Amino acid sequence: MKNFCVIDIGTNAVKIKIFSDGRYVSLRNKPIGQVNNNVSKDDILRHVQDFIHEAKDGYQVPQNQVYIYATEGVRRAPDSKLIQQEIEQKTQRRLHVLDPKREARLSALGGLSSIELKNNPKQVLYIESGGGSTEISLLDMSVKPFGVIASQSLPVGSQDGKKRLNQYGALDDFCKEVRKKGTALGDNTQVVINSGAAARLIAKRYKYPVYRPAALEKNQNSISLKDFMDMSRRVLVKKDYDEAFCRDYFLTEGLQEGFVGHVNVLNHILKNLKQHNELKMADALPITMTLGGLKDGIAQEIEQQHETKNFQSVLRTSQFSRS
């Protein structure tokens with residue numbers, strides 16, 4: 001299998017995952033600054049070029065095996081087209097600006113690869129808390145690797161940590177889609193929350209000392225849905241602040257203004273579906289946390305490309321469009 005690399009341009013950082021000599025390597029993320037509340041084009045161009053040089057010189061990645069992707073930061077930037085043109089001109093590689101649904105699918109693919117789900121769930125409610133957007137997907141686990149029952153992207157993320165959610169219209173649309181397809185969330189549903197990168201950014205911003213808590217590193221599923229939501233609500237309203245819980249789940253006292261992420265999003269989904277009698281999840285259902293992400297999911301698809309030698313056909317038949 002050929003060496004290759006995935007460069008992921010997010011809202012807060014440019015990231016890279018390299019496959020070289022049969023193993024994966026992730027280099028240190030390169031932060032993206034802000035210009036007039038938008039991603040810095042100069043930062044992105046510099047970081048992408050630096051990563052390509054590192055991949056070629058240090059890991060023998062050929063030019064035609066460099067894959068570059070961008071998400072919400074580039075999608076909503078006023079100079080999005082210019083960023084895309086300059087990157088493609090200077091790297092001679094295509095920049096794939098992912099639409100939200102494809103981003104959600106690839107993020108879930110990456111996140112699920114790093115954990116072991118309990119009790120072979122029929123469905124997974126997957127929440128990806130990113131820097132510039134928050135994706136929610138209800139996944140059908142009866143097909144491999146999974147099907148998508150419903151998916152929605154909220155254009156608010158950890159970059160807007162002090163901004164109130166105010167995206168309930170989009171969340172309601174997600175819940176309507178779930179209900180329309182006759183899917184009830186029950187004991188055979190697993191909740192998976194991916195808050196790795198966004199949470200580390202929040203932790204750093206608020207000078208919180210722990211970036212990778214033990215609960216995530218050990219892939220623990222021990223906290224129940226009820227305990228997780230009860231403790232989260234208390235933290236968000238400054239009641240019974242539990243330092244150990246906050247350390248494990250990336251919640252700080254500075255976020256009660258309405259951090260857009262797993263707590264508010266999950267809380268609203270559960271309330272909505274319960275109101276319409278579409279919620280049968282037991283309070284004891286475990287919450288699973290993960291740190292895998294978009295670049296991990298893309299890398300899996302590229303592995304499939306090399307293995308099947310039919311990647312373009314796979315993309316054309318996917319239910320998710322390619323931008």
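Helices (H or I, at least four residues) and strands (E, at least two) are DSSP runs, numbered from the N terminus. This is a predicted model, in which local features need pLDDT of at least 70 and side-chain atom pairs count only at pLDDT 80 or more, while totals for chains, interfaces and linings use all residues. Residues are numbered from 1 along each chain as its sequence is written, and side-chain values use heavy atoms, with hydrogens and water left out.

**The protein as a whole**

- The count comes to 12 helices and 13 strands.
- Of the 323 residues, 57% are buried; buried means under 20% relative accessible area, exposed over 50%, and partly exposed in between (1.4 Å probe, protein chains only).
- Take the contacts (heavy atoms within 4.5 Å) with a separation of 6 or more: 69% of them are between residues 24 or more positions apart.

**The five-stranded sheet**

- An open sheet is built from 5 strands in the order E11-E10-E9-E12-E13, and its pairing is mixed; two strands pair if DSSP finds at least two bridges between them.
- At the edges sit strand E11 (147-154) and strand E13 (287-290), each pairing on one side only.
- From one strand to the next, the twist averages 20°; axes are lines fitted to C-alpha atoms, for helices over the stretch in contact, and angles run from 0 to 180 degrees between N-to-C directions.
- Strand E10 (residues 134-140) runs antiparallel to E11, with 7 bridges between them, and Ile136 stands opposite Gln152 in E11.
- The loop between E10 and E11 holds Pro145, which is joined to Lys144 by a cis peptide bond with omega of about -5°.

- Strand E9 (residues 123-129) is mostly covered, with 7 of its 7 residues buried.
- That cover is on both faces: Gln123, Leu125, Ile127 and Ser129 are buried on one side, and Val124, Tyr126 and Glu128 on the other.
- On the E10 side, E9 pairs in the antiparallel sense through 7 bridges, and Gln123 stands opposite Asp140.
- With strand E12 (residues 189-194), E9 pairs in the parallel sense over 6 bridges; here Glu128 stands opposite Asn194.

- The buried residues of H1 are Lys41, Asp43, Ile44, Leu45, His47, Val48, Phe51, Ile52, Ala55 and Tyr59.
- As background for reading that list, an α-helix has 3.6 residues a turn, so residues three or four places apart point the same way.
- The axes of H1 and helix H3 (residues 80-91) come within 10 Å and cross at roughly 25°.
- That angle makes H1 roughly parallel to H3; the label goes to angles under 35 degrees, with over 145 counted as roughly antiparallel, 65 to 115 as roughly perpendicular and the rest as oblique.
- On the H1 side, the contact is made by Lys41, Ile44, Leu45, Val48, Gln49 and Ile52, and on the H3 side by Leu82, Ile83, Glu86, Ile87, Lys90 and Thr91.
- The crossing of H1 past H3 is right-handed, the term for a near helix turned clockwise from the far one by less than a right angle, with anticlockwise being left-handed.

**A buried lysine**

- Lys30 sits in strand E4 (residues 30-31).
- At a relative accessible area of 19%, Lys30 counts as buried.
- Leaving aside neighbours within four places in sequence, Lys30 is in contact with Ala13, Val14, His47, Asp50, Phe51 and Glu54.

**Positive phi in two loops**

- Asp21 is in the loop between strand E2 (13-20) and strand E3 (23-26), and its phi is near 55°, a positive value in a residue other than glycine.
- With 64% relative accessibility, Asp21 is exposed.
- Asn36 is in the loop between strand E5 (34-35) and strand E6 (38-39); Asn36 has a positive phi of about 55° although it is not a glycine.
- Asn36 is exposed too, at 70% relative accessibility.
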